Amino acid sequence: MLRVGLTGGMGAGKSEVSRLLVECGAVLIDADRIAREVVAPGTPGLAAVVDAFGPEVLAEDGSLDRPRLGSIVFADSAKLAVLNSIVHPLVGARSRELEQAAAEDSVVVHDVPLLTENGLAPLYDLVIVVDASPATQLDRLLRMRGMTEEDARARMAAQATREMRLEIADIVIDNDVPLDRLERRVREVWAELVRTEPVRRAHGPRRPHEHQGPQEQQGPQA
């Protein structure tokens, strides 16, 4: 099994890359999706969040009001840390369950938004970073997610910098490009993953700051 960490800043287009990798044959474990599951109505996770932040973070139907919670935690690093301390262990446990259910020869892609921030790179055989310029990220958050500029900038500022993400990358996928070029790049990366998987399995997980395997780093194109 090849364990791949996939990350990128908000608005970089990581979800599109993960979708394309699944089309190629990857097994996807989506931390964002799991993070929603573990705080669904009736779960211990949601009860813990309400305990920490109060009933005002609940919507009328009893579900988590994610925009409301986001506006609280992304403006206060201490509150964000509290939220992460609740959600991350639950996400980690569920991710391990899903990975154990995958076939032994799978390429398992862990889509982890905060991989850089939480120092998780050493847990994976390699790390793929989806890269886009801050201007592109901001435009996508405003246009496609309907955020206000203030909210979008606050959320981007709460994440790792672009330079920090690129520092841990084994493979960089440039997403400041049209969709057809992104699709070609993802297919190239998939072919490299499949070709190098037996070697990686023989050598085991990488240690911090080791960049084993494909070193294809492409910066943003003008």
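From the N terminus on, the elements of this predicted model run β-α-β-α-α-α-α-β-β-α-α-α-β-α, giving 9 helices and 5 strands. Here helices are DSSP runs of H or I with at least four residues, and strands are runs of E with at least two, numbered from the N terminus. Residues are numbered from 1 along each chain as its sequence is written. Because this is a predicted model, local features need pLDDT of at least 70 and side-chain atom pairs count only at pLDDT 80 or more, while totals for chains, interfaces and linings use all residues, and side-chain values use heavy atoms, with hydrogens and water left out.

Let's look at the chain as a whole. Of its 222 residues, 45% are buried, meaning under 20% relative accessible area with a 1.4 Å probe and protein chains only. Take the contacts (heavy atoms within 4.5 Å) between residues at least 6 apart in sequence: 73% of them join residues at least 24 apart.

Now for the interior. In soluble globular proteins, nonpolar side chains tend to be buried together. A nonpolar core is a set of buried Ala, Val, Leu, Ile, Met, Phe, Trp, Tyr and Cys residues joined through side-chain atoms within 4.5 Å. The largest one here has 22 residues, and Val4, Val17, Leu21, Ile128 and Leu193 have the most contacts inside it. Strands 1, 3, 4 and 5 are among the elements that give it two or more residues, as are helix 1 (14-24) and helix 9 (179-203). Helix 9 supplies the largest share, 5 residues. Apart from this core lies another, of 21 residues, including Val49, Leu80, Ile86 and Ala102.

Leaving aside neighbours within four places in sequence, isoleucine 128 touches Val4, Gly5, Leu6, Thr7, Ile171, Ile173, Val189 and Leu193.

Next, a helix pair. Helix 4 (residues 66-73) and helix 5 (residues 77-101) pack at an angle of about 130 degrees, with their axes 7 Å apart. Leu69, Ile72 and Val73 of helix 4 meet Ser77, Lys79, Leu80 and Leu83 of helix 5.

Finally, visit threonine 43, in the loop between helix 2 (31-37) and helix 3 (44-53). Its side chain reaches the backbone oxygen of valine 38 at 3.1 Å. A polar atom of that side chain also lies 3.2 Å from the backbone nitrogen of leucine 46. Beyond its neighbours within four places in sequence, threonine 43 is in contact with Glu37 and Val38.

Conventions: Axes fitted to C-alpha atoms, helices over the stretch in contact; angles between N-to-C directions. Buried < 20%, exposed > 50% of the residue type's maximum accessible area, 1.4 Å probe, protein only. Polar contact = N/O pair within 3.5 Å; in protein donor to acceptor, adjacent residues only side chain to side chain.
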